[in-house]
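Below is a short briefing on selected local features of one chain. Please read it alongside the sequence and the coordinates.

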Amino acid sequence: RQNGTSNETSWIFDELRTWKTACEEPEERALRHPWQQLVITDRTVVPGTLYQYTVKEVKGTPAAPTFGNAVSAEARTHLGWGTNELNTIAFNRGTTASQEYAHFFENKHPSESQGEAAWQWLGKGLDDSLESLLAEAKDSTWMIRGCFYEFHYMPLVIQFRQAALRGADVKLILDWKQPTWSQKYRQFTPNGPQHMNSWAVDAAELGPNVIKRTNMKSTIHHNKFVLLYKDGSPIALWTGSTNLTVGGLFGQWNTAVTVRAASGPEMANLLTKYHAYWLKLSEDPDPATIKEWNMKHTPLSSLLSPSADPATVEVEANTTKNKTTKTPQEETSTKAEPVPEETVTKNKSKPVKNKAT
């Protein structure tokens, strides 16, 4: 890898399968222990930097390997949060079990490391991406509308409270399914994160700002999005794969995107759709109602091109028949019939069983 700013050249090693000996230089180490997979991750890049990556073929024998053909590609990292980029994306590292984390932090739990360095390394700005968006809501001309499944990472929960104290109109839809009493085991069984969410809401004094989702008792309300409004109009959307938990932000691989209406009509239209979606979820709809609404506003057929493969269309038909279609933000009832796990074969003639649909 060559840094386009400093011109520094370095090798990226497969830390899980290589080891450094006293006699090996970096190039020799790369030659003796080549990558054995097609997807690699570079966790040491700097924001706002152009990099050139060169992948070299390793030939010969294990006793006498040599470099063969090479291919290069360029990649530029984004500037990070607090810049003037309209649409941004944040990835955490979230890999406490990785060799890189063990190297930097002596394989200790983040709580055992000095200061905030370990947490910052793991989060890599994922938590900051939401905090910076909420900080924009400075007075009563702003609104915040959010919807979450797990909502109990207190540093961010408090940011919603701070926005409300500044005068912003804050409303949050949270999973609030009540536990089920088991006569067999003589105890309550949680049906979701309601108890954790309630502790966080109480601690932050956000009770009046919360809309409780209780109606879909057998479903995970796996929503994770926030809309920011100015003078009544949605101007920004934050969404992604992370719950607001310590595990989601720092312990698992997750990502979040922030898109803004000012970036173009397509994004403005997307925010309008999310606004309508939030309004529907605020009614705490039952399973049949939300499935019908989702199918109308996010039809699977719109994802298929006019020249879609017949086998793919067959998957669509089976999916519709079994009523298990999901939107990116709404999980449907787990009581629906299973969808046949089919995919398109190379000859495009008939579907075959596969774990990826």
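This is a predicted model: local features need pLDDT of at least 70, side-chain atom pairs count only at pLDDT 80 or more; totals for chains, interfaces and linings use all residues.

Residues are numbered from 1 along each chain as its sequence is written, and side-chain values use heavy atoms, with hydrogens and water left out. Helices (H or I, at least four residues) and strands (E, at least two) are DSSP runs numbered from the N terminus. Buried means under 20% relative accessible area, exposed over 50%, and partly exposed in between (1.4 Å probe, protein chains only).

**Positive phi outside glycine**
- Asn7, not a glycine, has a positive phi near 65°; Asn7 sits in the loop between strand E1 (2–3) and helix H1 (26–32).
- Asn7 is exposed, because its relative accessibility is 52%.
- Glu106, also not a glycine, has a positive phi of about 55°, and the loop between helix H2 (99–105) and helix H3 (117–123) holds Glu106.
- Glu106 has 58% relative accessibility and therefore counts as exposed.

**Helix H8**
- H8 (residues 265–281) has 17 residues and spans 24 Å from first to last C-alpha, close to the expected 24 Å, which is 1.5 Å times one less than the number of residues.
- Its buried residues are Leu271, Tyr274, Tyr277, Trp278, Lys280 and Leu281.

**Lys171**
- Lys171 belongs to strand E6 (residues 169–175) and is partly exposed, at 28% relative accessible area.
- Beyond neighbours within four places in sequence, Lys171 contacts (heavy atoms within 4.5 Å) Ile144, Arg145, Gly146, Pro208, Asn209 and Trp278.
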